[in-house]
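Here's a quick tour of a protein model for anyone just starting out with structures. Have a look at the picture first, then read on.

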Amino acid sequence: MRIDATVRKETSYILIWVLLLSVIMEAVFLVIGAWEFSVLLGNLIGGLTAVMNFYLLAVTVTKLVNAGETDKLQQKMHASKSLRMAGMVLICVLAIALLKTNPYSTLIPLIFPRIGLAVKKAKQGGGPSAPDDEGSELT
């Protein structure tokens with residue numbers, strides 16, 4: 001399967017924001033004296049989970065739009081969101097419980113894509129607004 005150029009571009013944008021904000025978060029943990037390996041591991045797992053969630057969202061939207069399934073779009077997007085959220089919860093709970101990652105550093109990166117999208121929207125002149133159901137400009 002070939003990855004759509006828009007999916008690649010938007011996912012790369014999100015990846016850059018997740019990396020940038022992850023470095024800042026690691027620095028904050030370091031400055032407050034709370035840094036340990038579990039912080040780094042949690043940040044890696046949370047960040048990768050956030051990027052993968054966005055990627056799966058983008059692929060799902062692209063696939064549904066290209067297939068012309070506009071009549072079932074809402075239903076399939078809701079099912080996709082439910083599965084992705086369940087997957088993110090499972091990954092984070094397992095990381096915290098089994099790998100003993102720092103809960104804050106595992107969960108905070110999940111909001112980094114929304115921050116990146118909000119900045120992008122503000123730069124495009126959209127201004128701050130309440131996020132839509134997914135927080136993506138692809139939907």
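What follows is a short walk from the overall fold down to single residues.

This is a predicted model, so to speak of local features we need pLDDT of at least 70, side-chain atom pairs count only at pLDDT 80 or more, and totals for chains, interfaces and linings use all residues. Residues are numbered from 1 along each chain as its sequence is written, and side-chain values use heavy atoms, with hydrogens and water left out.

**The big picture**

- The protein has 5 helices and 0 strands, where helices (H or I, at least four residues) and strands (E, at least two) are DSSP runs numbered from the N terminus.
- Read from the N terminus on, the elements go α-α-α-α-α.
- Of the 139 residues in the protein, 35% are buried; buried means under 20% relative accessible area, exposed means over 50%, and partly exposed is in between (1.4 Å probe, protein chains only).
- Take the contacts (heavy atoms within 4.5 Å) with a separation of 6 or more: residues 24 or more positions apart account for 69% of them.

**Helix 3 and what comes after it**

- Helix 3 covers residues 73-98.
- Its 26 residues should span 38 Å at 1.5 Å a residue, and the end C-alpha atoms of helix 3 are 37 Å apart, which agrees; the expected span is 1.5 Å times one less than the number of residues.
- Met77, Ser80, Arg84, Met88, Cys92 and Ala95 are buried in helix 3, and the buried residues of this helix pack against helix 2 and helix 4.
- Serine 80 counts as buried because its relative accessibility is 11%.
- Serine 80 and leucine 56 are 24 residues apart in sequence, and their C-alpha atoms are 8.6 Å apart in space.
- Lysine 100 follows helix 3 and sits in the loop between helix 3 and helix 4 (103-107).
- The phi of lysine 100 is near 60°, a positive value in a residue other than glycine.
- With 59% relative accessibility, lysine 100 counts as exposed.

**Helix 5, at residues 112-123**

- The 12 residues of helix 5 should span 16 Å at 1.5 Å a residue, and its end C-alpha atoms are 17 Å apart, which agrees.
- Phe112, Pro113, Gly116, Leu117 and Lys120 are buried in helix 5.
- The buried residues of helix 5 pack against helix 1 (5-31) and helix 2 (37-67).
- Glycine 125 follows helix 5, and its phi is positive, near 90°.

**A charge over a ring**

- The charged end of lysine 120 sits over the ring of tyrosine 13, 4.9 Å from the ring's centre; to count, NZ of Lys or CZ of Arg must be within 6 Å of the ring centre and within 35 degrees of the ring normal.

**Leucine 48 in helix 2**

- You'll find leucine 48 in helix 2, and this residue is exposed, with a relative accessible area of 60%.
- Leucine 48 and valine 18 are 30 residues apart in sequence, yet 8.5 Å apart in space, C-alpha to C-alpha.
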